[in-house]
Amino acid sequence: MEKRELICIGCPMGCPLSVELDQGEVVSVRGNTCKRGEIYARKEVTNPTRIVTSTVVVEGGKLAAVSVKTREDIPKEKIFECMKALKGVKVQAPVHMGDVIVKNVADTGVDVIATKSVGSLS
Amino acid sequence: MLNYDIVIIGGGPAGLAAAISAKKHGVEHILVLERDKELGGILNQCIHNGFGLHTFQEELTGPEYAGRFMEQLVEEKIEYKLNTMVLGITKNKIVTAMNREEGMIEIQAKAVILAMGCRERSRGALNIPGHRPAGIYSAGTAQRLVNMEGYMPGREVVILGSGDIGLIMARRMTLEGAKVKVVAELLPYSGGLKRNIVQCLDDFGIPLKLSHTVVDIDGKERVKGITLAQVDENRRPIPGTEEYYPCDTLLLSCGLIPENELSRELGVEISPVTSGPLVNECLETNIEGVFACGNVLHVHDLVDFVSQEADAAGKHAAEYVLHGKRISGSDIPITVTEGVRYTVPKTINPTRMDEKHTVRFRVGDVYKNCYISVYLDEERIIHKKRPVVAPGEMEEVVLSKEQLMAYTELSQITVKIEEA
C-alpha cells in the first residue's frame, strides 16, 4: 500500500489530502472537504493535469495582447509544449472572449480560447 | 458642474460591483471614474485562473471575472469615464477629476464610494541594502509588463516575498522561459495560498526558502546577483548564512498597501493596522455619505470577497442617497485581542444592521487547532473550531441582528483567537 500526501488546488481552501494507492489504483482519499478534492486527488496521483494560461499577440487591436487559456486542463507534462505552441501566434482584432485561438493544442484534444475581448483599432 | 447621485472612484472589481449594486438598489445616476484605459483594474493583468469559485461556482481567469461585471455594467447602462484621474474629494462631496478630452471636471455627488484598490510595497519601503540598478521590479509591475505590455523583465530571477503575486509570477516567468532560482520569504510561513505553492512552485521545482531575506543587491547598471541570508526569530539576518545567487532580475512581492491618498486629504480616518478607512457596518467612513470597499478598505485574499463587500457598499450608498442617514441606535465597537489584528467593520449598529452581518478579519500569526470566539461583553456567542488559521487568509464570523438586539446593554463586541 502506497500513501501520498497532497494539497488540493481545487479552491483557495487548500485542503491537505491523503491518498492511499494499491498498485497504482486509488483505494481511498481522505482530508477533502468537498467532491472537488476527491476528483483532484484521484487525478493528481494517476494523471496530473493543469489549466494553462498565457497571452498571444493581437494585430490591429486596441490592446497589444489578449489573454488565453486552455478550455480544460491538460496533462502536466504537456504544459511547456502548450506554451511553445502559443509562441509566435498572432490573431487579428477583433477578438471575443471565448474565441478559439489554437485548436487541439499540443495534441491534447483541448482548444486554447481567449479570456478577454479586444476591439479593433478605429 | 456635473451632478450625480453616486460617484465611484475606481473601476476595478470593487468599483464595478458597487456600481451595479447601487443601480439595482434604485439609484439612477451613477458615475464610475477609472484612471486606466479600460475597466477591470488589476484583474486585467491577472490572466491566471482561480477566480470566482464562490461567486460563479466555476473557475475563471481575472479578465473573465472582470468581464462578467463589465457586461452587467453595460446592461445596467451605468456611466463611466476612462483615462480619468481623480485629484480630490471635498467633504461636500465635490469630486475633482481630469482627463484629456474634458480637462478638469467637477462633479457634485450625493454619495461617494472609495474603491481605489492598493499598491505594492516598494523597494524603498523595504530598506534592502545595495546599489540601485535596473532589474528590480515589484511582482505586480512585472505581471503587467509580461501579461499586458508584452515585455519580459528578465531571464534569471529571484523573488523576494511569497505572497500570491510573487508565487503566480514565479510560474508565469518560468512558463515564459525565464529561470526562477528561488523564492525567499522573510517569515517562517508563506503569505500566499497553499494551492499556489503547489501549482506555482512545486510543479516547476522552484525552491521556497522560509525565514530568508535579501541582504545585498549586486550590480551597478543592472542587477548581477543578490545575496540571501537566513533570519532569526527577530527577523535579523544570521551572519554566516549568506548565499549568493547570480541573477538579472529581482521581483518584490512584499505586501500590499491600500491606496488612500484621496481619503486622507478628505479627512477620512485611517486604521493604522489595515491602512484603510475605519468603517461602520454600512462600510461608511467617518465622513457622512462616503463609503469604502475592496482593497482600499483592507487587502483581501479573494476577489469574491471584494465583490461581496462592494455589493454591500453599493447597497448602503444607495440607501443613503434615497433615504438619508439612519441614526437610530448606537454604534457598538468591535474590539480585537489575542491574535486578531483588526476587523472590518470597526463598529456595528444592531438597530440599523441587516438580519445577518459578516465581519471579516485577519490574524497576526499561525494558530493550529484553535477557536475563533466572539463575545458580547462577557458572554461568548461564537466558538468556532479551526484546524489552522494564518495571516495570509482572511477569516470571518457572522453576527445576527437577533442575537445583538437580545442583548440590551451591549457595550462592546470582542473577536479573539482562543487556544483549544
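My entries on the sheets and the chain contacts follow.

**Ground rules.** I am reading a predicted model, where local features need pLDDT of at least 70 and side-chain atom pairs count only at pLDDT 80 or more, while totals for chains, interfaces and linings use all residues. Residues are numbered from 1 along each chain as its sequence is written, chains are lettered from A and ligands numbered from 1 in the order in which they are written, and side-chain values use heavy atoms, without hydrogens and water.

**Entry 1, the three-stranded sheet.** I looked up chain A and found three strands in an open antiparallel sheet, ordered S1-S2-S3. Strands here are DSSP E runs of at least two residues, and helices are H or I runs of at least four, both numbered from the N terminus. Two strands pair if DSSP finds at least two bridges between them. At the edges of this sheet sit S1 (2-7) and S3 (25-30) of chain A, each pairing on one side only. S2 (16-22) and S3 of chain A are joined by five bridges in the antiparallel sense.

**Entry 2, the five-stranded sheet.** Next I traced an open sheet of chain A with mixed pairing, in the order S8-S5-S6-S10-S9. Its edges are S8 (90-92) and S9 (100-102) of chain A, each with pairing on one side only. Within it, S5(A) and S6(A) run antiparallel over five bridges, and A:Thr53 has A:Lys69 in S6(A) as its bridge partner.

How many residues of chain A are in contact with chain B? I got 28 residues of chain A touching 28 of chain B, with contact meaning heavy atoms within 4.5 Å. The buried area is about 2,400 Å², with 58% from carbon and sulfur atoms; this is the accessible area (1.4 Å probe) that two parts lose on being put together, summed over both. In chain A, A:Ile9, A:Pro12 and A:Thr53 lose the most area to chain B, together 24% of what that side buries.

The rule gives five salt bridges between chain A and chain B, each a side-chain nitrogen of Lys or Arg within 4 Å of a carboxyl oxygen of Asp or Glu. I wrote down A:Lys116 with B:Glu38, at 3.0 Å from N to O. On the chain A side, H1 (35-46), S5 (53-59), S6 (65-70) and H2 (79-86) each supply at least two residues that touch chain B.
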